[in-house]
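Please open the structure in your viewer and keep the selection tool at hand. The stops below say what to select next and what is there.

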Amino acid sequence: MSAPIAKTFEDIVHHLDARAERNGGGLPVTETDTFRTLNFSLMLSISHYIEDRFIEKRLSGLFVASFQRLSLFLHQQERYAAIASTSQQVWIIGEPDIAPPFVADNLQFFRPADAECRDYWIVLSDDPRFRIALFARECHAPEPPPAAPVKNGHAGGKRRFEGFWTYRDEYIDAIRASLQAHYARPELRVLPQTDTVGIP
């Protein structure tokens, strides 16, 4: 049985494929809601676009991001402190290879509920003024590539993904519902370090 995040991904991709069929074989590659192969640089650019717009507009909705490991969050800590300064809730999902830093009371860390979750790159802004989600799955090579240097908190190199980004409410609702029901659960919380709390 597929993990919940995998089922959500597959259900949306199936819907995208059916929609493309109705549109005569697909949508222009410049449009959203098109299932495609995405390289690491494009994934990072889209992620930063979503983060930057959330910060610039000082939005207050839910913001969600996944990291393969929580240690990779450290490179993005300042960006997410800015997001948390206006957001009502920020959820960070990642393998707890470190005790994450305290950033804000409304920023919560969660460990993956299943192994498959680690293969997905998710960035979601759920605010009435800016609803968008990036949802992609890593394509694993038959043999692991040589180790690549970390760039902006992500191990880059020749990593490839398949997925999409979307502004469609029905897809964003489905992604949020899956994350809320199965991944952003109290028993999966990873408590941040407390030794920095209260230090002036």
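Select Trp 121 and Phe 161, both of which are buried, a word that stands for under 20% relative accessible area, while exposed means over 50% and partly exposed is in between (1.4 Å probe, protein chains only). This is a predicted model, in which local features need pLDDT of at least 70 and side-chain atom pairs count only at pLDDT 80 or more, whereas totals for chains, interfaces and linings use all residues. Residues are numbered from 1 along each chain as its sequence is written, and side-chain values use heavy atoms, with hydrogens and water left out.

**Aromatic pairs**

Stay with these two residues and show their rings. A search of the whole structure finds 16 aromatic pairs, where rings of Phe, Tyr and Trp (its six-membered ring) pair if their centres lie within 6.5 Å, and planes under 30 degrees apart count as stacked, over 60 as edge-to-face and the rest as tilted. The rings of Trp 121 and Phe 161 are edge-to-face, because their centres are 5.3 Å apart and their planes stand at 85 degrees. Trp 121 belongs to strand 5 and Phe 161 to strand 9, so that the pair links distant parts of the chain, 40 residues apart. Helices (H or I, at least four residues) and strands (E, at least two) are DSSP runs, numbered from the N terminus.

Next, select Phe 67 and Tyr 80, which are both buried. Their ring centres are 6.1 Å apart and their planes are at 70 degrees, so this pair is edge-to-face. Phe 67 lies in strand 2 (residues 62–69) and Tyr 80 in helix 3 (residues 77–84), so the pair ties together parts that are 13 residues apart in sequence. Now widen the selection to Phe 54, Phe 63, Phe 67, Phe 73, Tyr 80 and Phe 109, which ring pairs link into a cluster.

Another ring to show is that of Phe 130, over which the charged end of Arg 53 sits, 5.1 Å from the ring centre; the rule for this is NZ of Lys or CZ of Arg within 6 Å of the ring centre and within 35 degrees of the ring normal.

**Strand 1 and its partner**

Move to strand 1 (residues 36–39), where Arg 36 and Leu 38 form the covered face, and Thr 37 and Asn 39 the uncovered one. Strand 1 pairs with strand 9 (residues 160–166) in the antiparallel sense over 4 bridges, and two strands count as paired if DSSP finds at least two bridges between them. Leu 38 stands opposite Phe 161 in strand 9.

**Salt bridges**

Side chains of opposite charge can pair when their charged atoms come close. The structure holds 15 salt bridges, each being a side-chain nitrogen of Lys or Arg within 4 Å of a carboxyl oxygen of Asp or Glu.

Select Glu 10 and Arg 137, whose salt bridge has its closest N and O atoms 3.7 Å apart. This pair links distant parts of the chain, with Glu 10 in helix 1 (residues 4–22) and Arg 137 in strand 6 (residues 130–139), 127 residues apart. Glu 10 counts as partly exposed because its relative accessibility is 35%.

Then select Glu 95 and Arg 118, whose side chains meet in a salt bridge (2.6 Å, N to O). Glu 95 is in strand 3 (residues 89–95), and Arg 118 is in the loop between strand 4 (107–110) and strand 5 (120–127), 23 residues apart. Glu 95 is partly exposed, with a relative accessible area of 26%, and Arg 118, at 32% relative accessibility, also counts as partly exposed.

Go on to Arg 131 and Asp 126, which form a salt bridge with the closest N and O atoms 2.7 Å apart. Is Arg 131 buried or exposed? Arg 131 is buried, because its relative accessible area is 17%, and Asp 126 counts as buried at 12% relative accessibility.

**Helix 4**

Select Ser 178, whose place is in helix 4 (residues 169–182). Ser 178 counts as buried, because its relative accessibility is 6%. Not counting residues up to four places away in sequence, Ser 178 touches Pro 4, Ile 5, Thr 8 and Tyr 183, a contact being heavy atoms within 4.5 Å.

**The whole chain**

Finally, select the whole chain, which has 4 helices and 10 strands. Of its 200 residues, buried residues make up 46%.
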